[in-house]
Amino acid sequence: MQTDEMESSMESPNLEFEYGDTDSLTAELSELYSYTEEPEFSLNRDYFEEDFRSHVRGRRWVQLGVEEQKAYVMRLLDALEVTDRDKRLKVARAILYLAQGVFDDCDTDVDVLYWSRHNVFLLYDMGIFTALLELLSMEIDNNQACSSAVRKPAISLADSTELRVLLSIMYLMVETVRMQTEDDRPEWRSSRAAFKAELGSPLDNGEPFTLLLFTMVTKFCSMNAPHFPMKKVLLLLWKTILFTLGGFEELQELKVRGRERLNLAALPEDSIKVVRAMRAASPPASAMELIEQQQQQKRGRRSRRPLVKQDSLDTYNERDPFKNDEARDEEEDGDDADSGIEGEVDPLDRDVIIQPPPPPPPLRPPTERVSFPKGLPWAPKVREKDIETFLETSRNKFIGFTLGNDTETLVGLPRPIHESVKTLKQHKYVSIAEVQIKREEELQKCPMTLGEEEVEETPAEILYLGMLPNLSQYVIALLKLLLAAAPTSKAKTDSINILADVLPEEMPITVLQSMKLGIDVNRHKEIIVKAISALLLLLLKHFKLNHIYQFEIVSQHLVFANCIPLILKFFNQNIMSYISAKNSICVLDFPHSVVHEMPELTAESLEAGDSNQFCWRNLFSCINLLRVLNKLTKWKHSRTMMLVVFKSAPILKRALKVKQAMMQLYVLKLLKIQTKYLGRQWRKSNMKTMSAIYQKVRHRLNDDWAYGNDIDARPWDFQAEECALRESIEKFNSRRYDKNQNGEFAPVDNCLQSVLGQRVELPEDFHYSYEMWLEREVFSQPIQWEGLLQGP
């Protein structure tokens, strides 16, 4: 294993990976289908051809005019209304064939994508999506299918046929309409806007489409519907949220507009552009590389041993390859980042030698050395709270008393403190979240004076309002699925079966079939991880922008459902192997598989996999999970301590082996927030990692991250911090969404005449039984008037 690590570390090149909302359209479409579903492509075609030939003779679909195509789609729409389940499935398959791009009439992949796009917009304009929505609701409520699936010992593809066909059409429609191209027709642009509004607004049952999919997820995880094709549901859920709420570019625009609306200073830089411009650093050297390097150094020094300062003996001791194994095991990962993130000789070794030895041969060719741009990539930031803390400390020191939150009065403070405050104020950054928290405090303090808050009906607001009653169930269900799909998870009898929509009815009998199914299962799990990681990140980012307390409640549910140890468990694997995994068979990917002749598959071709340097979806998933972890722990002392308690530092250091700038940035951010708690020895052993944090991560001018001199003043009280946050969240939800909250503030009418004169709406049956009620409750009951005169 050490040899593998050394090879991967030595040879790992820069990964030419561009992060975005999604992969290419072709890749996203191919991931919808498992390789086990391959025979169904021809089935869809056959049902379409059978029906099409009976109505349109002698011509192909691509030869029809738009009006003729519309007429045929209308006929299919009518046929979806039939009560016969089998006939309905055949029609749905014909519609799916249209959405897949009538591939039998096409010669190339480009033709398939062109006709798929054309047909999808046509299907949407003819109202197919609404009809599919009704059918999907019927299938979800199909108790007979659910109960038979629960009783089955083994569930396969055949149990979810109807659901898979419906979800596939819906996914193709959402993904195709969502993607904008330069040559879009004007009517397509208006269709896109209409579809986006339709998906984001409440349906007939008062809930948006997203909630219907969330309900499917919770139903599946509660074991009430084990036949649901969860991969397709999660992909559709992710793409629906991406379409209705917007991706990372839209988030950046929303943030800029939100700051303008609140009269806040513009953002110091565009974070997306800064991250894209970053270069990856070389990964930390492994223990084997260090041993080899030290032996080279010793060979060079053997002839003349120079004098060594006493301080540095510890350094040599730490790096001694012949130290006993137990001691080395105690040092996490052999301190694999000792040689630093650049992989060159530790500067400590150079500084402590009085008579410098000849330089050792470089570990890598000089061309691989990363040259950082001059200056730091990020503008430093300072919070208002940091300025207040700085002034409070300075006043205590020089004057002997404090002035609370006053950041203007500098009387009695020496000149250098004036300069410091001026510098801090130049870099002061007020976030939208701080403004929202301050506004919420004011609304809680003066509910009558400030009146009702005007809440803008944004797509994120509608989604949050719908999710709020069952939010914890949705979060737990997503994390259960993430745990089941993680490569580090071991199969347990009580864990949920996520392979219902990948396992065939007849299990493989040959070695080749077994290999193919093995690749398919691994690919299936990777796609589920990709969808959940992107979905969680989008929800957190959009809710944070919409209102900070909406973000905080989702974060808290994630933390209480053990999301932090789950993500760390995910990274506690050979991350290089995961990112370079080749769990795909190119010739079976859609649309290539339906256009080209299928070559004969052999065990050798399956083992070889594709020629890609890395697996896009796995690298995308890793970055998303690191970003989610950053969101959960940022500015949360108790959660940062969870990272320390769960020994995340060696796990995160191993993730630095991946030479991709964005991934390294988020790993370094996570290391930065816990550096002060890891002790002096750790910092001393990882100086190059510390340098990389300094070079790549944004600076907070007052943040003592590298030394940790203030940690004694901050005891770790997890419960108190989370309970205070929970109280603020509940007050926010009660004030904003509880309609009966102002009952105690409503004016009371004390006038007898006006109260008795009010017209009260009585039910119809009251008029019929009024006389009987009078007789029973009033006339036949003796009234004890003396009781009024007696005391209580």
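Helices here are DSSP runs of H or I with at least four residues, numbered from the N terminus. By that rule, E139 lies in helix 7, residues 128-140. What we are looking at is a predicted model, where local features need pLDDT of at least 70, side-chain atom pairs count only at pLDDT 80 or more, and totals for chains, interfaces and linings use all residues. Residues are numbered from 1 along each chain as its sequence is written, and side-chain values use heavy atoms, with hydrogens and water left out.

I will stay with E139 for a moment. Is E139 buried or exposed? Buried means under 20% relative accessible area, exposed over 50%, and partly exposed in between, with a 1.4 Å probe and protein chains only. E139 counts as buried because its relative accessibility is 9%. Contact means heavy atoms within 4.5 Å. Not counting residues up to four places away in sequence, E139 touches R85, R88, E162, L163 and L166.

Next, M173, which sits in helix 9, residues 161-178. M173 has a relative accessible area of 0%, so it is buried. Which residues does M173 contact, leaving aside neighbours within four places in sequence? They are V120, L123, Y124, F129, L132 and F195. F195 is 22 residues from M173 along the chain, and their C-alpha atoms are separated by 9.7 Å.

Now the cores. A nonpolar core is a set of buried Ala, Val, Leu, Ile, Met, Phe, Trp, Tyr and Cys residues joined through side-chain atoms within 4.5 Å. The largest one has 187 residues, and those with the most contacts inside it include W61, F129 and F209. Helix 25, residues 511-546, gives the largest share of this core, 15 residues. There is also a second, separate core of 8 residues, among them V382 and L391.

On to a pair of helices. The axes of helix 4, residues 66-79, and helix 5, residues 85-99, come within 9 Å and cross at roughly 145°. Axes are lines fitted to C-alpha atoms, for helices over the stretch in contact, and angles run from 0 to 180 degrees between N-to-C directions. V73, L76 and A79 in helix 4 meet V91, A94, I95 and L98 in helix 5.

Last, helix 24, residues 471-485. The expected span of a helix is 1.5 Å times one less than its number of residues. For the 15 residues of helix 24 that should be 21 Å, and the end C-alpha atoms are 21 Å apart, which agrees. Buried residues in helix 24 include L471, Y474 and L481.

Terms used: Helix = DSSP H or I, 4+ residues; strand = E, 2+ residues; numbered from the N terminus.
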